Structures are given as C-alpha cells and as structure tokens.
There are 2 protein chains.
Amino acid sequence: MDKAQNHLQDTETRILQAAEKEFFEKGYAGARTASIAEAAGVTHAMLHYYFRTKDKLFERIVSGKINMLADILLSAVGDANLPLEERIRQGIERHFDFISANRDLPRFIVNEVLSRPEQVDAMNRNVQSIVNEVLDNLQQEIDEYAAKGLCRRVDARMLLIDIVSLNVFPFMAAPIVYGAIGSAYGDYEEFLARRKRENVKTILEKLKIN
Amino acid sequence: MDKAQNHLQDTETRILQAAEKEFFEKGYAGARTASIAEAAGVTHAMLHYYFRTKDKLFERIVSGKINMLADILLSAVGDANLPLEERIRQGIERHFDFISANRDLPRFIVNEVLSRPEQVDAMNRNVQSIVNEVLDNLQQEIDEYAAKGLCRRVDARMLLIDIVSLNVFPFMAAPIVYGAIGSAYGDYEEFLARRKRENVKTILEKLKIN
DNA sequence: TTCGCTTTTAACAAAATTGTTAGTCTTATT
DNA sequence: AATAAGACTAACAATTTTGTTAAAAGCGAA
C-alpha cells in the first residue's frame, strides 16, 4: 500500500504542481489541461483520471490557497507579551515576508477567486470570524495603550486594511511599480527591503503620539 | 459620408463597448467573441469584419485604457499655487475618485496588461517620463517645505507608492476587504468615504512634523 | 436607374480543447 | 505463477471557438 500510494502521490502531486503554476500564470480560462499534463510529464488522460475535470483540479488548488490566508493572518498576530508597537512591527513584517514568498498569490486570489461569488462566500465564512477576533483583540490593546497615553486611539480595522494594502499592492503591480519608480532604488530585492521598512514606518507613525 | 460614418461608428462602438465589458469581466482568455457580438447585437462575423481578430480588438481596448493612466496622474497634480498639504490632499482625493469611478480598471490592468511583457514595456515608456517629472517636482517642493521646517523630508517616490497602494487595493480586493472588515462601517459607499478620509490622513501624517 | 462601395448575413472550415473509453501494463498478494 | 487492482496509454469523440467566404442588402453618386 505504501509504495502504491507513493506512485500515486507522485504523479498526482506532479500534476498538482504543474496545475498550480499554469493556473497562477494564465488563470482558469487561460490554462490548458494539455499544458498542465505536459509540464507534469504525463499524458493528459492522467489529469482526468486523477481529477476528473479541469474544474475539480482548479477547485483543489484554490481551496489549498484559501487556507493559507487564514494561516498567515494568525501567524502575523505574534507574541501577546511583546509591547504593542513591537507586535505590530512583527505582524507587518511577517505579512510582508509571506507575500514576498508567495508573490503570485495575491493576483491569483483577486483574479480567480474574487470573480467567483461562491468562492468569495466560502472565503468570507472562513476568514471573517478569525479576522474579527484578531481585530477585537488588537483594538482592545490599542485602547488600553491609548488610555495610558502611550499611543493614539486608532481604528484597528482601518489599520489592518492599511497594512494589507501597503504590503500587497506593490507585489501585484510589480512590473509598473518597480519599472516606473522602484528601479530608482537599485535592484528589485533592494527596493522590496526598502518598501518593507517604509510600510512599518508608515503604520507606526499613525500610532505614535505627537 | 456623415450618415455612413454614423452607421459604421454605431456598430463599431457598440462592439467596442460590449468588448470592454466582456474583457473586463472575464479577461482576454475568458472572453468569447460570440458573447461580445451577441451583447453588441450583431453577428459575430461583424466583429471580425471591423477588428479582424479577437487580439486586435483587445489591443484596441487596452491602449485606450493605458492612456487613462497618464491622464489621471497628471490631473492629480493639481494647482501649483496651493500649499503643499492641500495639493497632496487634493491629489489623493482625485486619484481615489478616479479609481472609484473606474472600479474594474485596476484589476484589468494588473491581470491583463501586466502579464504581457510587451504591454508592460509600452506602459513604462509612456508613464515613466511623466511620473519622474511629477515626482521630481513634488520632491523639490517637499524639500523646500522641509528646509523651512514646515514638514518632514519624506521620499516623494515612496509617498506615491503609498498613495496608490492605499487607494487602489481596497477596490481590487473589494469583496474580501468589504466582506470581512468594511461591512462594519455601514454600506459599501459609506465604507469608501471613510477609507478616502483615512488615506488622506495616513499620508499627511507622514509629512507632519511632531 | 444603375454602378460601385461599404455593410451585413448565413453557412462553413479549421483548429483547439475538454473529456471518454477500451484495453494494456505494472505490481503486490496469494 | 495466477490474479486482481490500480496506474497508464493511445486513439477517438464532442463541443467550442476563432476566423473565412461568398453572396445579399443598403446606400450614395453619376
């Protein structure tokens, strides 16, 4: 059973990997099952053997990716015993690093998931409760700090949107952002490091008391 | 000639309008020339008669949209005799309003244009010089204000990326951003108004001296 | 009206694309 | 070795999709 399973998993995961690449690069409509099969090194009948249809294969990829979103949100929450400013800095940096390590993910989500209402519903059901919990905790902590005069009483929800916007957009629009502006800062990785620092600064500035 | 031209333009523009809608909604690969023709109320042979190929029709739509980008950038520059803070506020708001009036444009650009290297080159050629001029002027003005102690010496390029990120991302990811967070602020339009104010505040905060 | 030009239509052709199926090969188990 | 189960292949089928073409219709000018 183990070796048989290995064999199965081998081609199955090869198809999955090729499918992920193809769907990320070309989207659902642009992806070709034949290309996926070729990239995976199998006949395209195998793709149907393992996944029945292009649609089911796509769903499989999507659901895997959607789960990553909740994970990164939770992992960015960080240690509860760090001071607020440090926790936020860490959260921003972890989020930035996650996007940096998955540079095509945002575009894929926005393109392929957000245009399918039933997927959006599924995502919101999965994400909303955890987002709200994270945000309620953060808001409470901000309010406590503010009560002691240690920071401004900023809106946690708005802050989260700020962070995600600042971190994600430059990756999504990378070719223009870097091409038209970023290249003035050196190579692309250098530019990214600079952006990361800048985003931390921008957000913490909103919290800082004058 | 006038009436003939009118007749010609009529179906031609109807095809163009239907094509824009279809390409915006489904992307190049997902768009169907038959759907476009049907939506325009003509046989699909007419589409080929006027535009030869799906590709040429697409190019026509894209080039029109690319030109809008330079326009909005310039229009956001604003009156040179306003004080810096007011000019920046105005620029942010104009940019936000433009995106708000063209909510599908960012996704279209990111999806359909940025995945085509030759289009990216064309865009950068068109945009880079004007962006650089705008940025150089802005940077100079910031530096002057900073020299007088009226604001911080912030990096104009980073500021522009901040503005575009904050303004554009919530529209691109609208279904999640509003679904998971924004709905706490009321209806969608209310949320947007709130975001607009928030973005202005975030940016001006970076300039303000403590 | 007739001529010539553009616009429009209907039918067709070619290619691409997803999916199926019948049968073969491999491999673990008995 | 025989068998059974799953993995695999090659060929085929059905549909979709882009694009063409020959002929008809519309229309202004001579």
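Predicted model: local features only at pLDDT ≥ 70, side-chain atom pairs only at ≥ 80, totals over all residues.
If we leave aside the neighbours within four places in sequence, Glu22(A) is in contact with Gly27(A), Gly30(A), Ala31(A), Arg32(A), Ser35(A) and Ile36(A).

The largest nonpolar core has 136 residues, and the members that touch the most others are Phe23(A), Leu57(A), Phe23(B) and Leu57(B).

Stepping back to the whole of chain A, there are 10 helices and zero strands, and the C-alpha trace spans about 65 × 40 × 35 Å along its principal axes. Of the 210 residues in chain A, 49% are buried, and among the contacts between residues at least 6 apart in sequence, 64% join residues at least 24 apart.

Now to the helix pairs. Two packed helices are described by the angle between their axes and the distance between the axes. Within chain A, helix α8, residues 156-172, and helix α10, residues 188-207, pack at an angle of about 165 degrees, with their axes 10 Å apart; α8(A) and α10(A) are therefore roughly antiparallel to each other, and their crossing is right-handed. On the α8(A) side the contact involves Leu159(A), Asp162(A), Ile163(A), Leu166(A), Asn167(A), Pro170(A) and Phe171(A), which meet Tyr188(A), Leu192(A), Arg195(A), Asn199(A), Thr202(A), Ile203(A) and Lys206(A) in α10(A). The residues of this contact between α8(A) and α10(A) divide into eight nonpolar, three polar and three charged.

What angle does α10(A) make with helix α8 of chain B? The two pack at about 70 degrees, with their axes 11 Å apart, so α10(A) and α8(B) are roughly perpendicular to each other. From α10(A), the contact is made by Phe191(A), Arg194(A), Arg195(A), Glu198(A), Asn199(A) and Thr202(A), and from α8(B) by Met158(B), Ile161(B) and Asp162(B). The residues of the contact of α10(A) with α8(B) divide into three nonpolar, two polar and four charged. I would also point out that Arg195(A), Asn199(A) and Thr202(A) take part in the contact with α8(A) and in the contact with α8(B).

Methods. Residues numbered from 1 in each chain as written. Chains lettered and ligands numbered in written order. Heavy atoms only, no water. Axes fitted to C-alpha atoms, helices over the stretch in contact; angles between N-to-C directions. Helix = DSSP H or I, 4+ residues; strand = E, 2+ residues; numbered from the N terminus. Parallel < 35°, antiparallel > 145°, perpendicular 65-115°, else oblique. Left-handed = near helix turned anticlockwise from the far one by under 90°. Contact = heavy atoms within 4.5 Å. Nonpolar A, V, L, I, M, F, W, Y, C, P; charged D, E, K, R; others polar. Core = buried A, V, L, I, M, F, W, Y, C linked by side-chain atoms within 4.5 Å. Buried < 20%, exposed > 50% of the residue type's maximum accessible area, 1.4 Å probe, protein only.
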